[in-house]
Amino acid sequence: MPLPFLPLLAMTEPAFLDFDLPPAAEVSPLDVEPIEPLEADRIEVQTFDPIKRARQLADTLPRQWQGTLRVAGSSERIPADLELDRLVPLEAMVDVFGQLTIAGQTVPVQGNLNAATEQLNLLLLGDDLPADLEPGGNFLGLQMFNISMWVGPRLTSRAALLRLAPVAQYQEPPVRGLW
């Protein structure tokens with residue numbers, strides 16, 4: 001059977017749209033002067049050195065802290081003591097090692113203190129934690145050890161607030177002369 005004859009479709013050239021060049025720039029970028037000349041007195045140089053601050057914190061930070069822990073849903077304030085055994089400066093951070101005693105139960109702690117922002121991340125080590133705190137959580141302090149919020153390992157974990165203050169070291173009063 002013969003194949004049907006298909007007429008060849010006439011090929012048309014593609015349609016092009018007219019293209020107009022954009023108008024030339026009225027002002028050359030090379031002709032524009034800066035709006036304000038650079039003034040040396042406007043330049044601020046930050047002189048804060050977080051590495052030096054970390055070393056300073058490791059040397060001068062109090063080793064004894066006392067305060068209270070308040071668990072959410074309870075008005076009871078549980079006594080808390082923090083003893084820092086070792087502070088190690090690492091660049092702009094300070095590694096913190098010590099023990100936290102809450103309601104008579106002592107737990108080892110390890111954390112990081114940011115020397116630039118004074119933010120603290122304190123981990124409680126161990127499985128048997130006091131005051132219904134769950135393993136896997138940590139204390140997050142935005143003002144060093146002063147106020148720390150418990151961040152539990154789950155969304156349904158109970159919140160807690162740890163407030164610590166440095167223990168004042170006993171100093172003998174200065175000797176006063178009688179005459």
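Two strands pair if DSSP finds at least two bridges between them. Helices (H or I, at least four residues) and strands (E, at least two) are DSSP runs, numbered from the N terminus.

This is a predicted model: local features need pLDDT of at least 70, side-chain atom pairs count only at pLDDT 80 or more, and totals for chains, interfaces and linings use all residues. Residues are numbered from 1 along each chain as its sequence is written, and side-chain values use heavy atoms, with hydrogens and water left out.

**Stop 1: the barrel**

Select E2 and E3. They run antiparallel, joined by 10 bridges. Pick Leu90 next; its bridge partner in E3 is Met93.

Now show the strands together. 8 of them close into a barrel, in the order E1-E2-E3-E4-E5-E6-E7-E8, with antiparallel pairing. On average, neighbouring strands of this sheet are turned by 30 degrees against each other, direction ignored. Such angles run from 0 to 180 degrees between N-to-C directions, and axes are lines fitted to C-alpha atoms, for helices over the stretch in contact.

**Stop 2: helix H1**

H1 packs on the sheet and touches E2, E3 and E4. Contact here means heavy atoms within 4.5 Å. The direction of H1 makes about 125 degrees with that of E2.

Select residues 50–60, which form H1. Ala54, Leu57 and Ala58 are buried there. They cover an arc of only 100 degrees around the axis, so they sit on the same side of H1. (The arc is that of the directions from the helix axis to the C-beta atoms.) Buried means under 20% relative accessible area, exposed over 50%, and partly exposed in between, with a 1.4 Å probe and protein chains only.

What do the buried residues of H1 pack against? Colour strand E2 (77–90), strand E3 (93–102) and strand E4 (105–114) to see the partners. Then turn to the face of H1 that points away from its buried side: Lys52, Asp59 and Thr60 are exposed there.

**Stop 3: the nonpolar core**

A nonpolar core is a set of buried Ala, Val, Leu, Ile, Met, Phe, Trp, Tyr and Cys residues joined through side-chain atoms within 4.5 Å. The largest one holds 32 residues. Select Leu61, Leu69, Leu124, Leu133, Phe139 and Phe145, which touch the most other members. E2 gives the largest share of this core, 5 residues.

Zoom in on Leu61. Leaving aside neighbours within four places in sequence, Leu61 is in contact with Leu84, Leu87, Leu113, Met144 and Phe145.

**Stop 4: around E7**

Select E6 (residues 138–141) with E7; 4 bridges join these antiparallel strands. Asn138 stands opposite Val151 in E7. E6 and E7 form a hairpin with 5 residues between them. In the turn, Met144 has a positive phi of about 60 degrees.

Stay on E7. Ser148 and Trp150 make up its covered face, while Ile147, Met149 and Val151 lie on the uncovered one. On to E8: 3 bridges join E7 to E8, which run antiparallel. The bridge partner of Ser148 in E8 is Leu162.

**Stop 5: Ser157**

Where does Ser157 lie? Look in the loop between strand E7 (147–151) and strand E8 (160–166). Is Ser157 buried or exposed? Ser157 is buried, with a relative accessible area of 14%.

Show its side chain. A polar contact of 3.1 Å joins Ser157 to the side chain of Glu134. (A polar contact is a pair of N or O atoms within 3.5 Å; within protein, one must be able to donate a hydrogen and the other to accept it, and residues adjacent in sequence count only if both atoms are side-chain atoms.) The Ser157 side chain also reaches the backbone nitrogen of Arg154, at 3.2 Å.
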